[in-house]
Structures are given as C-alpha cells and as structure tokens.
Amino acid sequence: MQVVVETERLILRTHSMVDLDALHTLTSHPDVWRFDPGRQRTIEESRALLVWRMMEYERRGIGRLAVVLKATGQLIGYCGLQLCLLEECYELNTPEIEFFYGLSRNHWGQGLITEAGQALIRYGFEEHKLKRIISSALSDNQRSINVMRRLGMRVETCPCDPNWVVGLIDNPRQ
Ligand SMILES: CC(C)(COP(=O)(O)OP(=O)(O)OC[C@H]1O[C@@H](n2cnc3c(N)ncnc32)[C@H](O)[C@@H]1OP(=O)(O)O)[C@@H](O)C(=O)NCCC(=O)NCCS
C-alpha cells in the first residue's frame with residue numbers, strides 16, 4: 001500500500017484486499033449507496049469492484065484511494081481521480097478527470113471529504129499537471145453538491161441532462 005496524499009487528519013493510500021470488509025460495510029449503509037449505485041452491493045460485487053479498482057490504479061497511476069483516519073488507522077471512505085467521458089453531452093464530451101468520493105455514514109459532517117478533496121485536487125494539478133478536474137452528481141445529492149462548492153468548483157446543471165450537475169475547477173497554473 002502506498003501513501004499518495006496526507007492531510008492534517010487523513011491518509012489517502014492505495015487499496016489492498018484487506019480493505020474489502022471495511023469498504024463493503026461502509027458502502028452497505030443505505031445513505032451511502034442511495035445515489036451511487038442506487039442499491040446495496042453483494043459482497044461478491046464489492047470484491048470484484050475492489051479488484052477492478054486496484055488494477056485500474058496499477059495500470060493508470062490514478063484511481064480510487066482508501067481514506068484512512070490518521071488518529072485511529074480506520075478506513076472511513078474512498079475517493080479518487082478517474083477518467084470520465086460524459087458521452088451523451090455535446091458540451092462536455094471531452095475526456096475529463098473526475099474527483100469522486102464516499103464516506104462512512106458516521107463520519108459525515110466533519111469536513112473530512114472536503115479536506116481529502118482539497119489535497120487530492122492540489123495533487124492532481126501539481127503532480128499530474130491536469131488542466132481541470134470535474135465532479136458529477138445527481139441534482140438531488142445535495143451533500144455531494146455542497147462538497148463541490150466547498151472545493152471551489154463552479155457547479156452547473158449538466159447541459160445534456162437536468163437530473164445531473166457537474167462541478168468544474170481549473171488548474172490556475174495551466
Ligand atoms: C458526499 C459525502 C462524502 C459528503 O459528506 P459530508 O460529511 O457532507 O461532507 P464533508 O466531509 O465535506 O463535511 C461537510 C460537513 O462538515 C461540516 N464541517 C465540520 N468541520 C468542517 C471543516 N473543518 N471543514 C469543512 N466542513 C466542516 C460542514 O459544515 C458540513 O456540515 P453540514 O453537512 O451540516 O453542512 C457523503 O454525503 C457521502 O458519502 N455520500 C454517499 C456517497 C455519495 O453520494 N458520493 C457522491 C456521489 S456523486
């Protein structure tokens with residue numbers, strides 16, 4: 001496991017299979033799966049997803065990371081940068097890098113994903129020289145939209161689908 005980013009309260013590190021139980025437990029809470037993927041995953045689905053995410057990181061050098069609380073060493077969420085193509089959308093059908101995230105239900109309300117996002121966006125801009133980073137969410141996922149705003153993204157209704165919003169932030173140095 002490799003530490004990719006460190007913040008005051010968090011370590012963002014690559015995954016290993018030992019993360020499976022913690023990830024499956026935290027993503028089994030209905031508030032966490034409600035908007036993505038919209039139903040509870042089976043343990044087999046969680047295992048397949050974790051394997052796929054680990055291979056993605058290995059191949060691309062970006063992808064999903066474990067969010068670990070420094071104080072306890074507990075895995076409390078996931079976040080990452082991933083390739084994204086909003087194919088349906090004429091205005092945004094360019095390849096983009098998306099910041100995505102999820103946190104265990106009992107760690108909401110402490111600014112933890114905002115803290116992770118600030119550091120990961122800085123990392124994406126400085127280390128990977130990304131020109132911009134986007135996020136996307138269903139329009140009624142207000143907490144996710146609030147995260148985008150706290151990260152300084154401009155939030156727009158998706159031009160091709162009013163049920164979605166897109167957050168965008170440009171690299172000030174590119
Ligand atoms: C999206 C998600 C990670 C947001 O979690 P969150 O706890 O609301 O977001 P943050 O960690 O940034 O915390 C912000 C909250 O902490 C509070 N807070 C406390 N200390 C803070 C600090 N130092 N800095 C910023 N906010 C702080 C904020 O006021 C805010 O509280 P509020 O919800 O009462 O307004 C969470 O709702 C989630 O996991 N959802 C399920 C997965 C999901 O939908 N992912 C997105 C798919 S598009």
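This is a predicted model: local features need pLDDT of at least 70, side-chain atom pairs count only at pLDDT 80 or more; totals for chains, interfaces and linings use all residues.

I started with the ligand, and H5 gives the largest share of the shell around the ligand, four residues. Helices here are DSSP runs of H or I with at least four residues, strands are runs of E with at least two, and both are numbered from the N terminus. Strand S5 (96–103), H4 and helix H5 (142–150) each put at least two residues into that shell. I noted 19 residues around the ligand, with Gly102, Trp108, Gly111, Thr114 and Arg143 coming nearest. For the record, a residue is near a molecule or strand if its C-beta atom, placed from the backbone, lies within 6 Å of it. Sorted by class, the shell has nine nonpolar, seven polar and three charged residues. In that sorting, Ala, Val, Leu, Ile, Met, Phe, Trp, Tyr, Cys and Pro are nonpolar, Asp, Glu, Lys and Arg are charged, and the others, Gly among them, are polar.

Residues are numbered from 1 along each chain as its sequence is written.

**Overall fold**

I counted up the protein chain next: five helices and eight strands. From the N terminus, the order is β-β-α-α-α-β-β-β-α-β-α-β-β. The C-alpha atoms fill a box of roughly 40 × 35 × 30 Å along the principal axes.

I then checked burial, and 28% of the 174 residues count as buried. Buried means 20 or more other C-beta atoms within 10 Å of a residue's own, exposed means 12 or fewer, and partly exposed is in between, with C-beta atoms placed from the backbone. Among contacts between residues at least 6 apart in sequence, 58% join residues at least 24 apart. A contact needs the two C-beta atoms, placed from the backbone, to lie within 7 Å.

Which residues have the most contacts inside the largest nonpolar core? They are Leu12, Val67, Cys79 and Ala116, in a core of 29 residues. The elements giving two or more residues to this core are strand S2 (10–13), helix H1 (20–27), strand S3 (64–69), strand S4 (75–84), S5, H4 and H5. Such a core is a set of buried Ala, Val, Leu, Ile, Met, Phe, Trp, Tyr and Cys residues joined through C-beta atoms within 7 Å.

Leaving aside neighbours within four places in sequence, valine 67 contacts Leu10, Leu12, Ile76, Gly77, Tyr78, Cys79, Leu103 and Ala116. Valine 67 also stands opposite glycine 77 in S4.

S3 is mostly covered, with five of its six residues buried, and S4 is mostly covered too, with seven of its 10 residues buried. On pairing (at least two DSSP bridges between two strands), I have S2 and S3 antiparallel over four bridges, with isoleucine 11 opposite valine 68. S3 and S4 run antiparallel with five bridges. Their hairpin has five residues between the strands, and glycine 73 there takes a positive phi near 80°. S4 and S5 are antiparallel over eight bridges, and glutamine 82 has glutamate 98 as its bridge partner.

**Loops I stopped at**

Is lysine 129 buried or exposed? Lysine 129 counts as exposed, because 10 C-beta neighbours lie inside 10 Å. Lysine 129 sits in the loop between helix H4 (112–127) and strand S6 (132–138), and has a positive phi near 55° without being a glycine.

The peptide bond from aspartate 36 to proline 37 is cis, with omega near 10°. I found proline 37 in the loop between helix H2 (30–33) and helix H3 (43–60).

Serine 28 is in the loop between H1 and H2. With 15 other C-beta atoms within 10 Å, serine 28 is partly exposed. Serine 28 and serine 104 are 76 residues apart in sequence, and their C-alpha atoms are 9.3 Å apart in space.
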